[in-house]
Amino acid sequence: MTLSDKVTELGAWGLENGHRALLAVTGGRFPKRVLGMQTLELHTVGRKSGQRRSTMLTAPLYSPDRVVVVASKGGHSDNPDWYKNLVANPDVEITVDDVTSPWTAHSATADEKAALWPQIVKAYSGYDGYQKRTDRDIPVVICTPR
């Protein structure tokens, strides 16, 4: 793992745990949005452990019938564990505003990603920088209600 990857992981850990702490302190009232994006908690099943895993994320594209998240990991050289888990088991749950519902996740095809990427980058330009920082093709995940 490179130094850049270590710094990226530490930053991601700090953001996620800071987000959880703010939600706990404010009784779930803040933050509802980060950088203009909907915040959510993604629940997956661990591909190795079989246990429920939860991750705080932002959705650059969010509607009742489709949630789009980006497996950027801040431009890290490896995909995030939550992404690896949903690839192994695409039945996920998403919590928004204390309401948890079942969804099915899939990695966007090349054509789907090409269509979505301009909208994603418009919502948060940082994703473009993350893609430039890594050699991997950052996955875009599309979730639809189950």
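Reader: In strand 8, which residue is the bridge partner of Val-68?

Author: In a regular strand the side chains alternate between the two faces of the sheet. Here Ile-142 in strand 8 is the bridge partner of Val-68. The model is predicted: local features need pLDDT of at least 70 and side-chain atom pairs 80 or more, while totals for chains, interfaces and linings use all residues. Residues are numbered from 1 along each chain as its sequence is written, and side-chain values use heavy atoms, without hydrogens and water. Strand 5 (residues 66-70) and strand 8 (residues 140-145) are antiparallel, with four bridges; two strands pair if DSSP finds at least two bridges between them. Strands (E, at least two residues) and helices (H or I, at least four) are DSSP runs, numbered from the N terminus.

Reader: Which residues of helix 4 are buried?

Author: An α-helix has 3.6 residues a turn, so residues three or four places apart point the same way. In helix 4 (residues 126-133), Gly-126, Tyr-127, Tyr-130 and Gln-131 are buried (under 20% relative accessible area, 1.4 Å probe, protein chains only). They lie on the same side of helix 4, because their arc around the axis is only 145° (taken from the directions from the helix axis to the C-beta atoms).

Reader: How many aromatic pairs does the whole structure hold?

Author: A pair of aromatic rings is described by the distance of the centres and the angle of the planes. The search finds four, counting Phe, Tyr and Trp (six-membered ring) with centres within 6.5 Å; planes under 30 degrees apart are stacked, over 60 edge-to-face, the rest tilted. Trp-82 and Tyr-83 have centres 6.4 Å apart and planes at 90°, so this pair is edge-to-face.

Notes. Buried < 20%, exposed > 50% of the residue type's maximum accessible area, 1.4 Å probe, protein only.
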